[in-house]
Amino acid sequence: MDNSIYFHEDDYCMIEVLPSDNYDFCCNQAGQATEFSEQHKAENGIGWTDVYMVESAPKQLVEYKISEDQLDKVLSSSFQKCKEIYSGYSSYREICKDTFAYVSGNIRLFYEIENNVVAKIWLNLDVYEEKDKIKAALLLEKIADLGDLIIADWYFHHVVKLKNADSTAKYIHAKFLNYLIFSSQGKSLLTSPIKSSEAIIFLRNSDIINVMREGIKYKTLSGDCQIVFEQCAKQYMNSNNIKEMRKCIGERDICSNPPYIEFSTPYVKTRLLFINTVKGPFKKIRNNSKKQFSDIQRKINEAGFSTLDLS
């Protein structure tokens, strides 16, 4: 492998590793960024009319005094070290001093050295396929060994505690779904960023293993999980101050792009996205998402439950 690597200058510290003391600060910044992006959307719906400037975190990573040897110890067995780092834009390139990287395919960690300690760490997480999800999960697990740290993803407007394996798994899965939706339908989840105040598990229709009368079984990076309809019905009642049992387990919108059913699962909502299948050497899109949506909704009804129609 070539020992040099490039990152676009716009990606610098956009997925940033920071001390966890900054968690509340970063969540607040993420919320402000989401509000700003809503206020400055272009009239045609493509892009924005202004740029939100993220403030520097109160506590910087350099204060942790992580040595390069510590970083090497946790990463070298699984990731290739690159010692020649370039940045720039378009065809312009310049070498970055005191900057290095650890790389495995589309998953990359960059870091800067200042006075013999790690001053900054930022990531490129291009989660395009299942193997990228595995590598990304491994990288975040390794970084968590360095201390009590968080990821502030300013692209996603999302903050993740690295010691929380469940949160990191959801985050990686959302990154994968963002690519999947963008590549198959030309629309990115980033046009509607994940708010730091909202917790939603995103699933796609191909994650579904089985739909039963009791609920839906689906696969995740960490194993099989289940949406239990009775639990969703109780949670929906509690969340909407409904006194009598109505068997409503969430909401649905077949007109959304992509169509979805959102289940009122306890603690964290679960949104099932119905994405058209991309098949064949010419990446032909099969427009089957609405049929799959209707099939799942029919099975929910047959089980004696319902969802609120938002379309």
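Tutor: The bridge partner of Glu16 in β8 is Trp122. The model is a predicted one, in which local features need pLDDT of at least 70 and side-chain atom pairs count only at pLDDT 80 or more, while totals for chains, interfaces and linings use all residues. Residues are numbered from 1 along each chain as its sequence is written, and side-chain values use heavy atoms, with hydrogens and water left out.

Strand β2 (residues 15-19) and strand β8 (residues 117-125) run antiparallel and are joined by 2 bridges. Two strands are said to pair if DSSP finds at least two bridges between them; strands (E, at least two residues) and helices (H or I, at least four) are DSSP runs, numbered from the N terminus. In general, such pairing is made through backbone hydrogen bonds, either parallel or antiparallel.

This pair belongs to an open sheet of 7 strands, ordered β3-β6-β7-β8-β2-β9-β10, with antiparallel pairing. Its edge strands, β3 (80-82) and β10 (158-161), each pair on one side only. From one strand to the next, the twist averages 25°. Such angles run from 0 to 180 degrees between N-to-C directions, with axes fitted to C-alpha atoms, for helices over the stretch in contact.

Helix α2 (residues 68-75) packs on the sheet, where it touches β3, β6 (99-104), β7 (107-114) and β8; its direction makes about 165° with that of β7. Helix α3 (residues 130-144) lies across β2, β6, β7, β8 and β9 (149-153) and runs at about 30° to β7.

Strand β6 contains Ser104. Ser104 counts as buried because its relative accessible area is 16%. Beyond its neighbours within four places in sequence, Ser104 is in contact (heavy atoms within 4.5 Å) with Ser78, Phe79 and Lys135.

The protein chain averages 84, and 85% of the residues score at least 70. Over residues 182-199 the pLDDT is below 50, although this stretch has 43 contacts in the model beyond near neighbours in sequence. Residues 278-285 also stay under 50. Where pLDDT is low, the predicted coordinates should not be read in detail.

Note on methods. pLDDT = per-residue confidence, 0-100. Buried < 20%, exposed > 50% of the residue type's maximum accessible area, 1.4 Å probe, protein only.
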